[in-house]
Amino acid sequence: MATKGKFITLEGSEGAGKSTNLDTLCELLRAHDIDFYRTREPGGTPMAEALRTVMLDAWDEQVDGMTELLLVFAARNQHLNNEIKPRLARGQWVVCDRFTDATYAYQGVARGIPTDYVEQLERWVQGDLRPDLTLYLDLDPAIGKQRIADRSQDRLEQEQLAFFQAVRDGYLQRAQREPRICTIDAAQPLADVQAALSAEVYKFLAAQTA
Ligand code: T5A
């Protein structure tokens with residue numbers, strides 16, 4: 001699909017500061033008079049949000065990694081067709097809190113689903129649509145866990161440290177392979193993280209007008 005708007009995603013494991021830094025990103029785009037739409041995954045449409053609830057709720061039964069993978073891509077298909085693709089096609093930019101890099105990290109590496117399965121679903125659901133820019137907030141999961149210790153935790157947030165270490169490994173592997181992914185050290189003080197993120201966004205904006 002030929003897209004006119006730009007597609008920016010923000011990634012990071014629990015406590016890396018995604019919500020906080022998404023606000024910074026949105027302020028920057030607003031300051032540049034860019035018409036954008038902020039959304040999130042899993043979610044972004046009423047049905048996809050319902051699938052998010054199913055995915056993140058605690059269940060009194062074992063939840064298989066493949067079930068998570070299928071739920072996430074079902075939600076993504078709804079989100080892409082009803083919101084993301086139409087908006088990009090009419091020139092609006094889309095800023096998304098997590099996207100398929102999260103699936104590679106959480107379901108692929110941390111849950112141990114073969115990468116090939118994720119790749120097949122990615123091709124099937126997205127075709128050739130990929131983010132134009134991805135900002136990945138990298139943080140030692142032990143620090144991330146401390147940062148979110150005092151909030152109520154969903155099913156995934158209750159996983160052990162080893163799970164989040166694998167998530168981080170998954171993201172770092174993706175970042176090595178995909179030049180669109182900018183890795184930002186999220187252990188720095190917030191002002192420094194925001195400055196690093198802003199620098200990447202300015203570089204991206206400059207490249208659009210060059
Ligand atoms: N998922 C998602 C999958 O398994 N597969 C998929 O394909 C997809 C798309 C979604 C869950 O779904 C999973 C992954 C997730 O488990 P979510 O809401 O996106 O959930 O994930 P959360 O990580 O819970 O998202 P948050 O938006 O709450 O992110 P953060 O990173 O916890 O962000 P934030 O900003 O709330 O920061 C946490 C705390 O740290 C502080 C903040 O003030 C806040 O108190 N903080 C800092 N403190 C010190 N220094 C800094 N630099 C700081 N930055 C932030």
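User: How do the residues of the shell around the ligand divide into nonpolar, polar and charged?

Analyst: Keep in mind that this is a predicted model. The shell around the ligand holds 31 residues, and Glu14, Ser19, Thr20, Arg98 and Thr103 come nearest. By class, the shell divides into 14 nonpolar, eight polar and nine charged residues.

User: How much of the area that the ligand exposes when taken alone does the protein bury?

Analyst: Start with the ligand by itself: it exposes 1000 Å². With the protein in place, the buried part of that is 82%.

User: Where does the ligand sit, and which element gives the largest share of the shell around it?

Analyst: The ligand sits in the largest pocket. Helices H1 (18-31), H2 (46-56), H3 (65-89), H4 (100-110) and H8 (190-209) are the elements that each give two or more residues to its shell. The largest share, four residues, comes from H4.

User: What is the volume of the largest pocket, and which residues lie nearest its centre?

Analyst: The volume comes to about 550 Å³. H1, H2, H3 and H4 each give two or more residues to the lining, with H4 again giving the largest share, four residues. Of the 29 lining residues, those nearest the centre are Glu14, Lys18, Arg52, Arg98 and Glu157.

User: How many charged residues does the lining of the largest pocket have?

Analyst: Go through the lining class by class. The largest pocket is lined by 10 nonpolar and seven polar residues. The charged ones number 12.

User: Which residues line the second largest pocket?

Analyst: This pocket has about 160 Å³ of space. Its lining divides into three nonpolar, two polar and four charged residues. By name, they are Ala58, Trp59, Glu61, Gln62, Val63, Arg111, Arg155, Gln158 and Glu159.

User: How much space lies in the largest cavity?

Analyst: A search of the whole structure turns up one cavity of 30 Å³ or more. Ser13, Glu14, Pro141, Lys145, Ile148, Glu157 and Phe164 line the largest cavity, and by class they are three nonpolar, one polar and three charged. The space inside is about 40 Å³.

Note on methods
Residues numbered from 1 in each chain as written. Predicted model: local features only at pLDDT ≥ 70, side-chain atom pairs only at ≥ 80, totals over all residues. Heavy atoms only, no water. Near = heavy atom within 4 Å. Areas by Shrake-Rupley, 256 points an atom, 1.4 Å probe, with all protein chains shown as cover. 1 Å grid on protein atoms, 1.4 Å probe; cavity = no way out; pocket = protein on both sides within 12 Å on 5 of 7 lines; lining within 4 Å. Sits in = over half its atoms within 2 Å of the grid points. Nonpolar A, V, L, I, M, F, W, Y, C, P; charged D, E, K, R; others polar. Points joined across faces, edges and corners; volume = space filled by probe spheres on them.
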